Amino acid sequence: MRVSEQTLPELGVPVPSYRRDDVSVGIVHFGVGGFHRAHQAMYVDRLLEQGKAKEWGICGVGVLPGDRRMQEALAAQDHLYTLVLTHPDGTWEPRVIGSIVDYRYAPDDPEAVVELLAAPSTRIISLTVTEGGYNIRHDTGEFDVDDPAVQHDLRSGEPPTTVFGLVTEALARRRERGLRAPTVMSCDNIEGNGAVARRVFTEYARLLDPDLAEWISEHVRFPNSMVDRITPVTTDEVVSALSERFDVQDRWPVAAESFTSWVLEEAFADGRPPLEDVGVQIVDDVAPYELMKLRLLNAGHQGLCYFAYLMGYRLVHEAAQDPLLAGFVRAYMDTEATPTLEPVPGIDLDEYKTTLIERFANPEIRDTIARLCAESSDRIPKWLVPVIRENLATGGHVQLSAAIVASWARYAEGVDEQGEPIEVVDRLADTLVPIARRQLTHPTAFIENTEVFGDLAQNHRFVDAYTWALDALHNDGARATLKELPGEPE
Ligand SMILES: NC(=O)c1ccc[n+]([C@@H]2O[C@H](COP(=O)([O-])OP(=O)(O)OC[C@H]3O[C@@H](n4cnc5c(N)ncnc54)[C@H](O)[C@@H]3O)[C@@H](O)[C@H]2O)c1
Ligand SMILES: O=P(O)(O)OC[C@@H](O)[C@@H](O)[C@H](O)[C@H](O)CO
């Protein structure tokens with residue numbers, strides 16, 4: 001049976017019991033992908049199920065050509081979709097989520113999107129636009145004004161196309177109309193995601209109108225958050241298994257692990273849904289939670305994925321079940337990431353790390369190594385390089401982090417250990433792959449790329465560890481390299 005408002009009563013899986021007609025848009029979300037649908041939209045759906053937050057329905061917005069598909073898929077089923085939680089014991093827990101009540105593909109009608117963002121009823125503008133979506137230069141940490149899409153929005157006089165252009169135009173209209181400022185809530189995996197969002201939106205606005213930038217910085221709030229739920233890309237297998245096992249035909253369901261966590265800073269300009277009623281931890285300072293998650297889970301993923309790919313793994317759980325890989329990742333977490341963390345209120349870090357390896361090893365998630373290996377140039381500088389820099393400054397260990405960077409550099413050569421091509425998915429691939437190939441004769445070529453690594457190649461301690469690992473990867477291969485490194489085989 002197809003998912004739609006009309007078929008809800010007949011679907012044999014849990015569905016919204018609330019009337020969606022009564023739900024109005026209070027949140028406009030940019031970047032409705034797998035994660036938003038498995039996380040924030042699920043939390044709002046839980047609130048609606050409790051009879052709360054009716055004014056906090058979600059309207060999704062897509063700005064990139066790839067988002068057209070999401071607009072069509074959601075429109076075809078009244079913006080309903082199925083979230084399947086995949087438990088490690090093989091149990092699947094599907095539920096139709098009803099909190100997304102509208103979706104706009106911005107290029108169709110940018111003016112309507114700007115007006116929606118400027119409407120007083122829109123009190124939160126949220127984002128999962130990926131790490132790259134914030135348009136930050138890795139070397140300077142500044143907003144990249146030279147980006148062609150940003151230049152278009154700043155200079156062309158045509159309707160805005162980027163999240164920066166659309167949101168800033170709406171904020172300008174609010175200011176002119178004497179309306180309240182909204183909250184801009186980043187839910188991306190970026191350290192200080194709220195602070196980063198604040199920086200990029202005010203910097204963009206300053207280029208247009210310094211007074212507007214002042215108004216934004218004074219009135220708009222940008223809460224930091226830690227968000228966590230492993231959500232792979234939806235596969236055809238999930239679509240067909242949902243149909244076969246539950247008789248639910250959904251154009252674009254999303255499957256995710258059952259674990260979920262959201263720690264959110266109490267920093268809202270114009271109210272918020274009572275998210276604490278559905279398990280969100282509202283705190284004054286998110287930093288310790290963010291650091292813990294980004295440096296253990298996300299950087300841990302990076303520790304796993306390039307070595308795993310080179311060793312022939314294509315699925316995350318299979319790699320995480322290899323004691324050599326699991327031991328390497330755990331050793332990185334213990335000896336290099338953990339010393340850079342702050343105490344995390346209410347969390348036993350040892351238990352957290354053990355649970356992470358178990359989550360990676362969950363065979364039901366079927367997350368792909370390819371997903372983790374994509375857009376590395378947006379991930380390594382944001383999650384791993386800060387760990388390296390801190391350890392270099394304090395005299396801490398960097399050997400395993402250096403090996404992770406070397407595994408990426410080896411992977412970026414675009415050829416695996418069997419001589420087969422690797423599809424390097426990275427917005428910088430055209431520059432990174434040729435640079436990586438040069439390292440066969442010039443071992444530090446990759447890390448001399450200051451756009452990604454800053455001045456890391458000037459540090460001898462890092463360079464020694466890095467060149468050792470790269471050399472071992474070239475001469476002995478990934479498995480043998482890991483065997484030479486300190487690990488914690490189970
Ligand atoms: N998937 C996960 O396990 C997970 C978990 C925690 C946090 N996150 C965060 O969510 C982000 C998205 O993950 P996902 O799994 O939903 O990915 P996805 O590919 O399914 O969706 C990404 C969305 O972001 C949009 N986007 C990308 N670049 C953009 C840009 N420059 N401007 C505007 N929109 C842009 C895309 O169009 C798409 O709608 C991640 O990058 C991460 O920061 C993901
Ligand atoms: O989605 P990204 O690009 O931030 O990173 C890839 C994964 O590390 C990430 O998606 C994790 O699965 C997620 O952060 C778990 O909560």
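**Exercise 1. How many residues surround ligand 2, and which are the closest?**

Before starting, keep in mind that this is a predicted model, in which local features need pLDDT of at least 70, side-chain atom pairs count only at pLDDT 80 or more, and totals for chains, interfaces and linings use all residues. Residues are numbered from 1 along each chain as its sequence is written, chains are lettered from A and ligands numbered from 1 in the order in which they are written, and side-chain values use heavy atoms, with hydrogens and water left out.

Solution. Counting a residue as near when one of its heavy atoms lies within 4 Å of the molecule, we find 13 residues around ligand 2, the closest being Glu131, Asp228, Lys293, His301 and Arg379. Sorted by class, this shell has 4 nonpolar, 3 polar and 6 charged residues (Ala, Val, Leu, Ile, Met, Phe, Trp, Tyr, Cys and Pro count as nonpolar, Asp, Glu, Lys and Arg as charged, and the others, Gly among them, as polar).

**Exercise 2. Find polar contacts of ligand 2, and then its cover.**

Solution. A polar contact is a pair of N or O atoms within 3.5 Å; within protein, one must be able to donate a hydrogen and the other to accept it, and residues adjacent in sequence count only if both atoms are side-chain atoms. An oxygen atom of ligand 2 lies 2.7 Å from an N or O atom in the side chain of His301, while the side chain of Asn189 has an N or O atom 2.8 Å from an oxygen atom of this ligand. For Asn298, a polar side-chain atom is 2.8 Å from an oxygen atom of ligand 2. Of the 390 Å² of accessible area that ligand 2 has on its own, the protein covers 89% (Shrake-Rupley method, 1.4 Å probe; for residues, only the protein chains shown count as cover).

**Exercise 3. Describe the surroundings of ligand 1.**

Solution. Ligand 1 has 22 residues around it, of which Phe35, Asp67, Glu131, Asp188 and Thr231 come nearest. By class, its shell holds 8 nonpolar, 8 polar and 6 charged residues. An oxygen atom of ligand 1 is 3.0 Å from a polar backbone atom of Gly34, and a nitrogen atom of the ligand is 3.2 Å from a polar backbone atom of Val129. In the side chain of Arg371, an N or O atom lies 3.2 Å from a nitrogen atom of ligand 1. The protein covers 77% of the 830 Å² of accessible area that ligand 1 has on its own.
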